[in-house]
Amino acid sequence: MKRLHPIMFAGTGSDVGKSIIATAFCRIFRQDGYNPAPFKAQNMALNSFATPDGFEIGRAQAVQAEAAGVTCHTDMNPLLLKPQSDHTSQVVLNGKPIGNRDAYDYFRKEGREELRTEVNAAFDRLAAKYNPIVMEGAGSIAEINLRETDLVNMPMAKHAKADVILVGDIDRGGVFASVYGSLMLLEPDERKLVKGIIINKFRGDIRLFEPGVKMLEQLCGIPVLGVLPYYKDIHIEEEDSVSLASKSLKAEQGMINIAVVLLRHISNFTDFNVLEREPRVHLFYSNNPDELSKADIIILPGSKSTIDDMHELWRNGAAQAILKAHRNGSSVLGICGGYQMMGQRILDPHHVEGDVEMLPGLGLLPTITEMGTEKVTRQTKFSLYGRSEIMSGYEIHMGATVQIDGSLASPLNKLEDGNTDGFMVSPTCMGTYIHGILDNQPFIDFLLEPHIQKTKSLETFDYHKFKEQQYDKLAEHARQYLNIPLVYDILTRDYD
């Protein structure tokens, strides 16, 4: 295939749709016979993923790799920031944590060139293997106060010799000012790299915006590649948890009601994408004690700050509601941080999460967790203890969970290496460190079994098939509204 320039989707701001558009083009290039790979030099997200070789990257790049049909690798997201508070983040470099930094220290000039060298090297390794590289910027393309320390937007585009496409969100208003202003705030040599504009999240009749397209092209001197309508019928895994509040729906009759506890520091919420579409289930997110009490199954999800979230559950009455619901017959499942919360105590003698050294857990499992300084990151194959179906998932956690003295061993899962995972008191009370456990139909059937009398549905859900369909629908959506031939023309022109 002909060699294409790298393409970067940069934005007028955060949440304008860069990740989704990059995902669409990963699938488009794959469909057209190319061998694309995603790249984002620096990502900030709580929703991460374990690569096959046991390292950690942002979930968005794992999704984009899946759309591209390639195995995810840390080179696709060499720098990941995982927020721990309003001011500090864990810094993950090339898949491994290198410490916690507050925002002021992180964005100072000191040490930036070392990080720049790392992210540039990751890009170079990818570019030697794949064609094209589908790059994603972060936040606004024109954060002029951070220009000297920026690793992910225009400096990265310069290094990659990428053709930059500027994405603007018309749904939030002010799209003319945000697009034109973003371009005018760039340095002249940066502005030359921007080859096109995409207007995203349009609602209504696109024909009404046709004069606006011409105005933008006249103002900016570059083509508008298309106007993408807002959609609701395409489902791609999301990177941020901001949309979970809209899924905080009350229990429904005639289905198995599952409540995911809406933690302040919830992570890896994509664990529940399959359950959202399981025909026998109504799934909702809530930390309201009254709503939790109405759930047949309560799931405690992963957390980036287990102790702080556990404290909040005790403070707002959600913990007491979970215990009461379980006494009344509800199942409780904990995943990762949620598994840690289900034990007797959570210990943090090394102050990994903060100043609190001990906090009581829910006491549902005879376990104690001690936070550690080493992070476990791996993909794994496993089976329910005593059963034969092989399933898959991944682990990303800090801390080790052990049984209290005198309790009988009762692991939930047997790992392919012979070790065990999790703990099960009964089919209605269990915890695990395995993310993605709910992507496996045998485990969903096991979880629903105590409550199956509530529904007569015998349907099941093929998640892999569903995801492939969604990537194809997303690509078709982009092809319908964007000028794909012009994109290819841009990516094959001689460099200026």
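1. A word on terms before we start: a residue is called buried when its relative accessible area is under 20%, exposed when that value is over 50%, and partly exposed in between (1.4 Å probe, protein chains only). The model is predicted, so local features need pLDDT of at least 70 and side-chain atom pairs count only at pLDDT 80 or more, while totals for chains, interfaces and linings use all residues. Residues are numbered from 1 along each chain as its sequence is written, and side-chain values use heavy atoms, with hydrogens and water left out.

2. Let's begin with L491, which is buried at a relative accessible area of 0%. L491 sits in helix α16 (residues 484–492); helices here are DSSP runs of H or I with at least four residues, strands are runs of E with at least two, and both are numbered from the N terminus. Setting aside neighbours within four places in sequence, L491 touches R3, L4, H5, P6, I7, F29 and D163, where contact means heavy atoms within 4.5 Å. The C-alpha atoms of L491 and D163 are 6.9 Å apart, although 328 residues separate the two in sequence.

3. D163 also has a charged partner: its side chain forms a salt bridge with that of K195, at 2.8 Å from N to O. The term covers a side-chain nitrogen of Lys or Arg within 4 Å of a carboxyl oxygen of Asp or Glu. D163 counts as buried, at 1% relative accessibility.

4. How many salt bridges does the structure hold? There are 26. One of them pairs R27 with E468, with the closest N and O atoms 3.0 Å apart. That pair links distant parts of the chain, 441 residues apart: R27 is in helix α1 (residues 18–31) and E468 in helix α15 (residues 463–481). R27 is buried, at 3% relative accessible area. R27 and E468 also belong to a network of salt bridges with R30 and D472.

5. Another salt bridge to check is R59 with E237, where the closest N and O atoms are 2.7 Å apart. R59 lies in helix α2 (residues 59–68) and E237 in the loop between β12 (224–229) and β13 (256–261), so the pair ties together parts 178 residues apart in sequence. R59 is buried at 6%, and E237 counts as buried at 13%.

6. Which residues of helix α6 (residues 175–184) are buried? They are V175, V179, S182 and L183. These residues lie on the same side of α6, because they cover an arc of only 100° around the axis, taken from the directions from the helix axis to the C-beta atoms. They pack against β10 (163–169), α7 (188–191), β11 (194–202) and α8 (210–220).

7. Finally, the cysteines. The structure holds zero disulfides, a disulfide being a pair of cysteine sulfur atoms within 2.5 Å. For C26, the nearest cysteine sulfur is that of C72, 12 Å away; C26 counts as buried, at 0% relative accessibility. The sulfur of C429 is too far for a bond, because the closest cysteine sulfur, in C336, is 17 Å away. C429 is buried too, at 2%.
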